[in-house]
Every structure is written in C-alpha cells, then in structure tokens.
Amino acid sequence: MIRFYFHPTPNPAKVALLLEETGLAYEIVPVDTGKGEQHTPEFRAINPNGKVPAIVDTDGPGGQVVRVFDSTAILIYLGEKTGQFLGAPADRPELLSWLLFLGSGLGPFSGQAVHFQFAAPEGLAYAVNRYRREAERHYQVLNDHLAGRAYIVGDTCTIADFSAWGWLDRASRVRKGEDDPLAPFPHLKRFFQTIDARPAVARARGVGKDLAFKKVNDEETRRALFPSNYPPAA
Ligand SMILES: N[C@@H](CCC(=O)N[C@@H](CS)C(=O)NCC(=O)O)C(=O)O
C-alpha cells in the first residue's frame with residue numbers, strides 16, 4: 001500500500017496522475033498546508049523539507065517501509081517500481097535531463113510567478129517580470145523541443161510528460177490575465193491538450209475532491225506557507 005501525502009496543488013497533482021495511470025493501490029493522507037500541517041514533527045519525519053507531495057510505500061525495496069519525498073523523486077521511484085512510463089532504456093539520459101529541467105526550472109519559476117502575481121502583497125513589478133518571463137522562457141524551451149514530437153521523451157508517454165502537466169495546468173495563473181495562456185506556444189499547447197485528454201487526468205483531478213482543505217488565505221495560512229517571510233519564533 002502507498003500512503004500519498006496530498007494537497008490539491010501542482011506538485012502533488014503530478015503524483016496523483018502517475019498513481020492513476022499505473023493503477024497502484026494508494027490511500028490519500030491529506031496535509032492541509034494552509035493550516036501548517038506540513039510542519040508537524042510527524043510529517044517532517046516523512047518529508048524533512050516540509051512540503052507535499054510525499055509517499056510512504058509499505059512494500060518498498062526488500063519489503064521495507066520507505067518514504068519518498070519531492071515530486072520528481074516520487075515519479076522516478078514509482079516509474080521504476082512499476083516499470084511503467086519510463087520510456088526506452090536508450091532514452092534514459094533524455095528522461096533524466098527533462099525531468100530535472102522540469103523539476104528545477106519549470107516548476108519553481110512557475111511557482112514564483114504565481115506567488116508574486118497572487119500572494120505578494122506589494123505586487124513587486126520587478127519580481128513579477130523576472131519570474132513570469134523566466135516561466136515563459138521555460139515554456140519556449142519546451143515548445144521548441146516539442147515541435148514535431150508527441151511526447152517530451154521518445155515516442156511514448158513518460159513520467160516527464162506527467163511532470164510537465166502538473167505545472168502547465170496552472171498556465172492561466174502563471175500568465176495571469178491571458179485568456180489563452182499557451183497560445184503563443186502552439187507545440188506546447190497541443191502537447192498539454194494531448195496529456196490533459198488522458199482518462200487518468202480526469203481521475204487525478206478528482207483526487208481529494210471529497211476532502212475539505214482550508215481555502216481562506218489569512219495570517220495563519222501566510223505564516224504556514226511562507227514561514228521564511230517572518231522572523232524565527234523566539
Ligand atoms: N520540489 C518539491 C516542491 C514541493 C512544493 O513546493 N510543494 C508545495 C505544493 S505544490 C507545498 O508543499 N507548499 C506548501 C509549503 O511550501 O509550505 C516537489 O517537486 O515536490
């Protein structure tokens with residue numbers, strides 16, 4: 001059994017999609033990050049970085065109970081565990097390269113673009129410009145790569161495609177104010193639509209829908225999500 005530590009946000013969404021694609025048995029453990037549940041000692045024992053997603057696999061290597069944290073690590077772990085969505089062995093260098101590009105580039109720059117356009121109280125024009133344009137630059141790199149290709153790696157769907165889907169799904173927030181945010185990136189838009197049409201995506205979107213996560217963005221939530229904006233507790 002896999003315990004999936006979840007909040008309805010882009011990085012957990014990638015893992016929800018892979019779990020649904022593989023058909024692995026899993027149970028959701030909600031982590032309400034708006035309430036600060038990512039900072040409890042119990043959760044820090046599973047992810048010392050205090051973020052979702054994380055998983056515990058009670059049937060890990062050698063039958064051991066193992067934890068895995070960080071969405072890219074989880075995608076690789078579950079891909080290897082099931083032997084699915086890894087592409088051809090000859091394409092492994094490409095798979096690793098694109099996974100790291102997505103996990104260390106597309107994701108963080110998209111996240112900061114959303115942060116400075118929706119969460120930063122001052123609006124900070126320099127930061128909005130910097131992060132939004134860097135996110136767009138990552139879109140352009142992917143768009144150029146996807147010209148004439150159906151998938152990011154090889155000619156089958158892989159975990160790299162699921163990784164990209166998680167943040168591309170938030171393009172309307174990354175490119176705030178754009179009606180058709182992927183329109184300037186036609187190959188990327190076609191790719192996103194291909195992945196988004198997979199039946200498992202509809203199931204992944206339903207994950208956690210029955211759970212009540214905190215929606216109000218008050219002082220407790222800001223301190224939970226952005227603790228380094230505040231002086232350390234005395
Ligand atoms: N590199 C990590 C980033 C994880 C991450 O930033 N998760 C967000 C949700 S998408 C989160 O836990 N936010 C709450 C917080 O930062 O306290 C990954 O890919 O899993």
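A polar side-chain atom of K51 lies 2.5 Å from an oxygen atom of the ligand. Start there, and keep in mind that the model is predicted. In the side chain of Q38, an N or O atom is 2.7 Å from an oxygen atom of the ligand. V52 uses its backbone instead: one of its polar backbone atoms is 2.7 Å from a nitrogen atom of the ligand. On its own, the ligand has 510 Å² of accessible area, and the protein covers 81% of that.

Now widen the view to the shell. The ligand has 13 residues around it, and Q38, K51, V52, D70 and S71 come nearest. By type, the shell divides into 6 nonpolar, 5 polar and 2 charged residues. Two helices to look at are α1 (10-22) and α10 (219-225), since each supplies at least two residues of the shell. The top contributor is α1, with 3 residues.

Take V52 first. A cis peptide bond joins V52 to P53, with omega at about 10°. Most peptide bonds are trans. P53 lies in the loop between α2 (41-44) and β3 (54-57).

D70 comes next. Its phi is near 85°, a positive value in a residue other than glycine. Most residues other than glycine have a negative phi. D70 is found in the loop between β4 (66-69) and α3 (71-82).

F85 counts as buried, because its relative accessibility of 16% is under the 20% cut-off.

Leave the ligand and turn to the rings. The whole structure holds 9 aromatic pairs. One of them is F4 with Y26, an edge-to-face pair with 6.1 Å from centre to centre and 70° between the planes. What does this pair tie together? F4 lies in strand β1 (residues 2-6) and Y26 in strand β2 (residues 26-30), so the pair ties together parts that are 22 residues apart in sequence. F4 is buried, with a relative accessible area of 0%. Ring pairs also link F4 and Y26 with F6 and F213 into a cluster.

A second pair sits in a helix. The rings of W98 and F101 have centres 5.2 Å apart and planes at 80°; an angle over 60° makes a pair edge-to-face, so this pair qualifies. Where do W98 and F101 lie? Both are in helix α4 (residues 92-119), 3 residues apart, which is about one turn of the helix.

Finish at F118. Which charged ends sit over its ring? That of R173 sits over the ring of F118, 4.0 Å from the ring centre. The charged end of K176 also sits over the ring of F118, 5.0 Å from the centre.

Conventions
Residues numbered from 1 in each chain as written. Heavy atoms only, no water. Near = heavy atom within 4 Å. Polar contact = N/O pair within 3.5 Å; in protein donor to acceptor, adjacent residues only side chain to side chain. Areas by Shrake-Rupley, 256 points an atom, 1.4 Å probe, with all protein chains shown as cover. Helix = DSSP H or I, 4+ residues; strand = E, 2+ residues; numbered from the N terminus. Nonpolar A, V, L, I, M, F, W, Y, C, P; charged D, E, K, R; others polar. Phe/Tyr/Trp six-rings, centres within 6.5 Å; stacked < 30°, edge-to-face > 60°. Buried < 20%, exposed > 50% of the residue type's maximum accessible area, 1.4 Å probe, protein only. Lys NZ or Arg CZ within 6 Å of the ring centre and 35° of its normal.
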